[in-house]
Amino acid sequence: MASITDCIVEGLKYPFNDIKKLLGFGVLCALMSALSTFIGIKSNNSISQIPFTQLPAGDIYLVAGLAILSFIVTLFIWGYQYDIIKFSIDNKSDLPGVSDILGMFIKGIKYFIVTLAYIIIPIIVFIVGIILAGNSTAAAAVTLILVALLVIAYFLLIMALNNMIAHDDIRKAFDFRQITDNISNLGWGKYIGIILFTLIVMMIISVAVGFVMSIIGLGFEIAINQVTVVSVVIAIIEGLFIDSYMGLFFNRVCGSVYREAIK
């Protein structure tokens, strides 16, 4: 059985197996990053000037349209991640292609439905927490419950997505007996350890890259003195190279963990 280090190292190397496909996925991530940045800039400008509800209809439609487009792009990203996990479970060393556009979209919808199903209870608890914000004792209790539910939901969700993808059956995402048995077969400690270690590695990479990108962004800003343009350009660069790499790395590790769990 592979060690935690083996899974992480293999995951770090995996994106470089096909640079062309990595960049192909990066185009989707860059588009998503640029859209999110532009929506954020637009919203911040609106808040600093007039309430969003008092914006001209054209601006509201623009933000709403961009938000819908962002969600659609996200579905395609999730669809590709679905294939990454499948390739990892099947122990394929190559990267999936992006030619099956409809297939990616449908897989992205499945990915979204399962994710939403697993986080719906924490969302409800969060709403309750907002309602009880005036009561400090109750709010603190709800916060603790929310954190616990989010942690449980997150670790179950990863295995649930893998179980669905392995069988290509959305019902398998809710087969809790099989999901918990898979985790137990690997070992709860090892399962949680691999995921946490992967997240720590991603955090270290993000901090290092963030430092470099901040310097690059500062250089761009000094050169052209256009904050909005610089923000979008940096977002595109991060999406094309960093977000795509992170997505491949994390989902490769998750698929490898599932493959180890069902041995």
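User: What should I know about the model before starting?
Analyst: The model is predicted, so local features need pLDDT of at least 70 and side-chain atom pairs count only at pLDDT 80 or more, while totals for chains, interfaces and linings use all residues. Residues are numbered from 1 along each chain as its sequence is written, and side-chain values use heavy atoms, with hydrogens and water left out.

User: How many helices and strands does the protein have?
Analyst: The protein has eight helices and zero strands. Helices (H or I, at least four residues) and strands (E, at least two) are DSSP runs, numbered from the N terminus. In order from the N terminus, the elements read α-α-α-α-α-α-α-α.

User: And what share of the residues is buried?
Analyst: Of the 263 residues in the protein, 39% are buried. Buried means under 20% relative accessible area, exposed means over 50%, and partly exposed lies in between (1.4 Å probe, protein chains only).

User: What part of the contacts comes from residues 24 or more positions apart?
Analyst: Such residues account for 80% of the contacts with a separation of 6 or more. Contact means heavy atoms within 4.5 Å.

User: Let us turn to helix H1. Which of its residues are buried?
Analyst: Cys 7, Ile 8 and Gly 11 are the buried residues of H1. They cover an arc of only 95° around the axis, so they are on the same side of H1. The arc is that of the directions from the helix axis to the C-beta atoms.

User: At what angle do H1 and H7 cross?
Analyst: The axes of H1 (residues 4-13) and H7 (residues 188-224) cross at roughly 40° and come within 10 Å. Axes are lines fitted to C-alpha atoms, for helices over the stretch in contact, and angles run from 0 to 180 degrees between N-to-C directions. H1 and H7 are therefore oblique to each other. Angles under 35 degrees count as roughly parallel, over 145 as roughly antiparallel, 65 to 115 as roughly perpendicular and the rest as oblique.

User: Which residues make that contact of H1 and H7?
Analyst: H1 contributes Ile 4, Cys 7, Ile 8 and Leu 12. From H7 come Lys 190, Gly 193, Ile 194, Phe 197, Thr 198, Val 201 and Ile 205. The residues of this contact comprise eight nonpolar, two polar and one charged. Here Ala, Val, Leu, Ile, Met, Phe, Trp, Tyr, Cys and Pro count as nonpolar, Asp, Glu, Lys and Arg as charged, and the others, Gly among them, as polar.

User: How about H6 and H7, at what angle do they pack?
Analyst: H6 and H7 pack at about 90°, and their axes are 5 Å apart. That makes H6 roughly perpendicular to H7. On the H6 side, Thr 180, Ile 183, Ser 184 and Leu 186 make the contact, and on the H7 side Trp 188, Lys 190 and Tyr 191 do. The residues of this contact divide into four nonpolar, two polar and one charged.

User: Which residues of H6 are buried?
Analyst: In H6 (residues 176-186), Ile 179, Asn 182, Ile 183 and Leu 186 are buried. Seen down the axis, the buried residues of H6 fall within an arc of 95°, so they line one face of the helix. For Leu 186, the relative accessible area is 8%. Leu 186 and Val 257 are 71 residues apart in sequence, with 8.2 Å between their C-alpha atoms.

User: What comes just after H6?
Analyst: Gly 187 is found there, with a positive phi of about 110°.

User: Which residue has a positive phi although it is not a glycine?
Analyst: Asn 91 has one of about 60°, and Asn 91 lies in the loop between H3 and H4 (101-131). Asp 168 has one of about 50°, and Asp 168 is in the loop between H5 (136-167) and H6.

User: New topic: is Gly 26 buried or exposed?
Analyst: Gly 26 counts as buried, at 0% relative accessibility. This residue lies in H2 (residues 19-49). Leaving aside neighbours within four places in sequence, Gly 26 is in contact with Gly 239, Leu 240 and Ser 244. Gly 26 and Glu 238 are 212 residues apart in sequence and 8.9 Å apart in space, C-alpha to C-alpha.

User: Finally, what does Leu 66 touch?
Analyst: Leu 66 touches Leu 35, Phe 38 and Ile 39, not counting residues up to four places away in sequence. Leu 66 lies in H3 (residues 57-89) and is buried, with a relative accessible area of 14%.
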